[in-house]
Amino acid sequence: MEGTNPVNKKLAAALSGGAVLVLALSGCGGDDETNDKLNSWAKEVCDSVQPQIKKIAAANASIQKETSDDSAPADVQKADSQGFQDISDAYKAMATAIQQAGAPDVEDGEKKQKAAVAELNQLSTAYGELKKKSDALNIKDQAKFADGLEGVATELEKLSKTGSDALKELEKGEVGQAMAEQQSCKSATTSGAASAPAVPTKS
């Protein structure tokens, strides 16, 4: 098992950074003035997004549980595969929810909505690719598995640092205030995703 633990830790550390992204959907402060149409939009989005944030948090926790110890390669691969699939599905569902909600009733609302949907779909695709890479790992050769896992961890680390600029832009000002007032978005901030540690620097 020698050599696997540092890689597992790198994967777990990189994974924890991915959870930061969903916090962009928690809603933050903004103007006090909101309108009924915008509140209705915020409620629809928050209610749809909250279950997906919980799904991502659960997937993160599952993967971290297997990668934080010297688990057998087959167990790590299984957890990674399922976790990445769940995260990919969750981001896809978020994109669909924001798409179906339509543009928020604010300046450049449609432009911001489309950018956020595109960003979420890109994340869904990226995690889908990670699942494929994880599924292709050689679990019968410890050295090859460790090398392959290193590659997955590196890709995940890059992904966790891509940011969520479009989501943040969507939720500025009035939209952020409207979302912050929704109970489901408040619940999202107290989910397991919100308590994920920051990605540590490489040693």
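Is Tyr91 buried or exposed, and at what relative accessibility? Tyr91 counts as buried, at 1% relative accessibility. Buried means under 20% relative accessible area, exposed means over 50%, and partly exposed lies in between (1.4 Å probe, protein chains only).

This is a predicted model, in which local features need pLDDT of at least 70 and side-chain atom pairs count only at pLDDT 80 or more, while totals for chains, interfaces and linings use all residues. Residues are numbered from 1 along each chain as its sequence is written, and side-chain values use heavy atoms, with hydrogens and water left out.

**Overall fold**

The protein has eight helices and zero strands. Its pattern along the sequence is α-α-α-α-α-α-α-α. Helices (H or I, at least four residues) and strands (E, at least two) are DSSP runs, numbered from the N terminus. Of the 203 residues, 48% count as buried. Take the contacts with a separation of 6 or more: residues 24 or more positions apart account for 86% of them. Contact means heavy atoms within 4.5 Å.

**Core**

Tyr91 lies in helix H3. The C-alpha atoms of Tyr91 and Gln52 are separated by 7.3 Å, although the two residues are 39 residues apart along the chain. Tyr91 is also one of the residues with the most contacts inside the largest nonpolar core, alongside Trp41, Tyr127 and Met179. That core has 39 residues. Helices H2 (36-67), H3, H4, H5, H6 (165-170) and H7 (173-180) each give two or more residues to this core. H2 provides the largest share, 10 residues. A nonpolar core is a set of buried Ala, Val, Leu, Ile, Met, Phe, Trp, Tyr and Cys residues joined through side-chain atoms within 4.5 Å. In soluble globular proteins, nonpolar side chains tend to be buried together.

**Helix packing**

Axes are lines fitted to C-alpha atoms, for helices over the stretch in contact, and angles run from 0 to 180 degrees between N-to-C directions.

| Helix pair | Packing angle | Axis separation |
|---|---|---|
| H2 and H3 | about 170° | 9 Å |
| H4 and H5 | about 170° | 10 Å |
| H3 and H5 | about 25° | 11 Å |

H2 is roughly antiparallel to H3. H4 and H5 are roughly antiparallel to each other. H3 is roughly parallel to H5. Angles under 35 degrees count as roughly parallel, over 145 as roughly antiparallel, 65 to 115 as roughly perpendicular and the rest as oblique.

The contact of H2 with H3 has 18 nonpolar, seven polar and seven charged residues. Here Ala, Val, Leu, Ile, Met, Phe, Trp, Tyr, Cys and Pro count as nonpolar, Asp, Glu, Lys and Arg as charged, and the others, Gly among them, as polar.

H4 spans residues 109-135 and H5 spans residues 142-160. From H4, Leu123, Ala126, Tyr127, Leu130, Lys133 and Ser134 meet Val152, Glu155, Leu156 and Leu159 of H5. This contact divides into seven nonpolar, one polar and two charged residues.

H3 covers residues 73-101. Its Pro73, Val76, Gln77, Asp80 and Phe84 meet Gln142, Phe145, Leu149, Val152 and Leu156 in H5. By class, the H3 contact with H5 has seven nonpolar, two polar and one charged residues.

Asp108 lies in the loop between H3 and H4. Asp108 is not a glycine, yet has a positive phi of about 60°. Most residues other than glycine have a negative phi. Asp108 is partly exposed, with a relative accessible area of 46%.
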